[in-house]
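Here is a briefing on one chain. Read it alongside the sequence and the coordinates.

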Amino acid sequence: MKLLSRLFAGFCLVAALAAPAAAAYPEKPINMIIAFTAGGSSDVQARIMQKYWNKYAPKPWVFVYKPGAGGIIGFTEIAKARPDGYTIGGLNVPHLIVQSLAQNAQYSADSFKYICQVVNDPQCVAVRKDSPFKTTQEIVDYARKNPGKLRVGLVGPLSGHHLMFLDWQKRFPDSKLTHVFYKGAADQNAALLGGEIDLIFGNINDVMRSIDEFRVLNVAAEKRNDFLPDVPTLREAGIDMVSDIRRCFAAPKNIKPEQLETLRAIFKQICDDPDYVADMKKAGQPHEYMDGEAFAAYIESQTEHARKALSEAGLLKK
């Protein structure tokens with residue numbers, strides 16, 4: 001009996017040595033798709049994260065830029081990529097929700113497996129430092145007397161910026177702004193600095209990178225933001241609007257579960273790294289981690305608000 005046991009153990013050992021070792025994932029560089037222009041807030045955040053990815057992951061990632069249409073081009077690339085674990089990318093919400101509801105986008109919220117949320121970036125109303133407008137109410141009043149004259153810059157159609165604009169239109173139907181779309185936040189900022197537009201609905205991170213040249217009038221958040229503690233919220237100004245953009249990383253929906261778990265574990269290590277958090281703060285990036293499953297539930301909770309706003313604006317896909 002003992003002889004048989006020894007023979008069996010020896011057989012198992014030989015079989016194990018003969019079997020090819022399972023390759024560690026990732027075993028080659030991963031493509032990281034960024035759906036906005038280089039230099040925008042999505043790119044800045046991803047580059048900070050790349051520094052720490054290289055600390056915790058065995059292989060690097062390679063940036064692939066696919067800007068345009070408020071993220072639609074890049075988001076489509078992520079959704080349609082081979083689910084082999086070697087293409088992931090950054091997604092923005094509510095952009096993702098709005099686009100799938102209002103356009104014939106080739107993806108929906110279910111087209112992805114979510115790795116984690118990394119940013120909760122409130123939007124704000126900002127003008128140039130030399131603008132005659134000192135308050136958001138002054139913009140409202142001027143637009144009422146001069147409908148369509150003021151130009152507001154937004155990052156892409158059917159984006160979070162666009163959704164904030166739709167909320168503005170609903171709240172102030174007689175205070176009309178003319179919207180101008182840009183491919184990314186870097187273009188949006190440049191347009192405001194160049195006098196091409198009069199104001200922007202932009203993210204905190206975007207305006208922080210030009211804060212010496214911008215005047216932020218109000219923040220569209222539940223409470224004041226740590227980066228701009230002296231700037232009141234829109235609610236403090238008597239305007240009941242809350243709008244933010246969440247950034248996450250995701251993979252195509254059919255990625256192998258074990259690869260997804262590996263990615264989630266690496267990203268969690270990064271988000272827990274105090275040096276990463278410090279770098280995010282230094283860059284004006286509103287760091288907020290949420291795991292992939294919780295973020296998928298958050299997206300589901302936001303869908304009805306977006307559906308209602310698009311329906312009222314006549315933009316809901318038929």
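Buried means under 20% relative accessible area, exposed means over 50%, and partly exposed lies in between (1.4 Å probe, protein chains only). C248 has 2% relative accessibility, so C248 counts as buried. This is a predicted model: local features need pLDDT of at least 70, side-chain atom pairs count only at pLDDT 80 or more, and totals for chains, interfaces and linings use all residues. Residues are numbered from 1 along each chain as its sequence is written, and side-chain values use heavy atoms, with hydrogens and water left out.

**Overall chain**

- The chain has 11 helices and 10 strands. These are DSSP runs, numbered from the N terminus: helices are H or I with at least four residues, strands are E with at least two.
- The C-alpha trace spans about 95 × 45 × 30 Å along its principal axes.
- The chain has 318 residues, and 51% of them count as buried.
- Contact means heavy atoms within 4.5 Å. Among contacts in the chain with a separation of 6 or more, 77% come from residues 24 or more positions apart.

**Helix pairs**

- Two packed helices are described by the angle between their axes and the distance between the axes. Axes are lines fitted to C-alpha atoms, for helices over the stretch in contact, and angles run from 0 to 180 degrees between N-to-C directions.
- Angles under 35 degrees count as roughly parallel, over 145 as roughly antiparallel, 65 to 115 as roughly perpendicular and the rest as oblique.
- A crossing is left-handed if the near helix is turned anticlockwise from the far one by less than a right angle, and right-handed if clockwise.
- For residue classes, Ala, Val, Leu, Ile, Met, Phe, Trp, Tyr, Cys and Pro count as nonpolar; Asp, Glu, Lys and Arg count as charged; the others, Gly among them, count as polar.

*α6 with α11*

- Helix α6 (residues 160-171) packs on helix α11 (residues 292-312) at about 60 degrees, with the axes 10 Å apart. That angle makes α6 oblique to α11.
- The crossing of α6 past α11 is left-handed.
- On the α6 side, the contact uses L163, L166, D167 and K170; on the α11 side, H305, K308, A309, L310 and E312. By class, this contact has four nonpolar, one polar and four charged residues.

*α2 with α10*

- Helix α2 (residues 41-56) packs on helix α10 (residues 274-282) at about 160 degrees, and their axes are 10 Å apart. The two helices are therefore roughly antiparallel.
- α2 passes α10 in a right-handed crossing.
- Q45, I48, M49, K51 and Y52 of α2 meet D275, Y276, D279 and M280 of α10. The contact divides into five nonpolar, one polar and three charged residues.

*α2 with α9*

- α2 also packs on helix α9 (residues 257-272), at about 115 degrees and with axes 9 Å apart.
- This crossing of α2 past α9 is right-handed.
- M49, Y52, W53 and Y56 of α2 meet L263, I266, F267, Q269, I270 and C271 of α9. The contact has nine nonpolar, one polar and no charged residues.

**Buried sites**

- In helix α3 (residues 72-80), the buried residues are I72, G74, F75, T76, I78 and A79. They pack against β1, β3, α4, β4 (112-128) and β9.
- A251 lies in strand β9 (residues 244-252). With a relative accessible area of 0%, A251 is buried.
- Leaving out residues up to four places away in sequence, A251 touches T87, I88, S111, F112 and K113.
- A251 and S111 sit 140 residues apart in sequence, yet 8.8 Å apart in space, C-alpha to C-alpha.

**Cysteines**

- A disulfide is a pair of cysteine sulfur atoms within 2.5 Å. By this rule the count is zero.
- C248 is in no disulfide; its nearest cysteine sulfur, that of C116, is 7.9 Å away.
- C124 has 0% relative accessibility, so C124 counts as buried.

**Backbone details**

- The Y25 to P26 peptide bond is cis, with omega near -5 degrees. P26 is in the loop between α1 (2-18) and β1 (30-34).
- V93 and P94 are also joined by a cis peptide bond, with omega about 20 degrees. P94 is in the loop between β3 (87-93) and α4 (95-102).
- L158, a residue other than glycine, has a positive phi near 55 degrees. L158 is in the loop between β5 (151-155) and α6. At 6% relative accessibility, L158 counts as buried.
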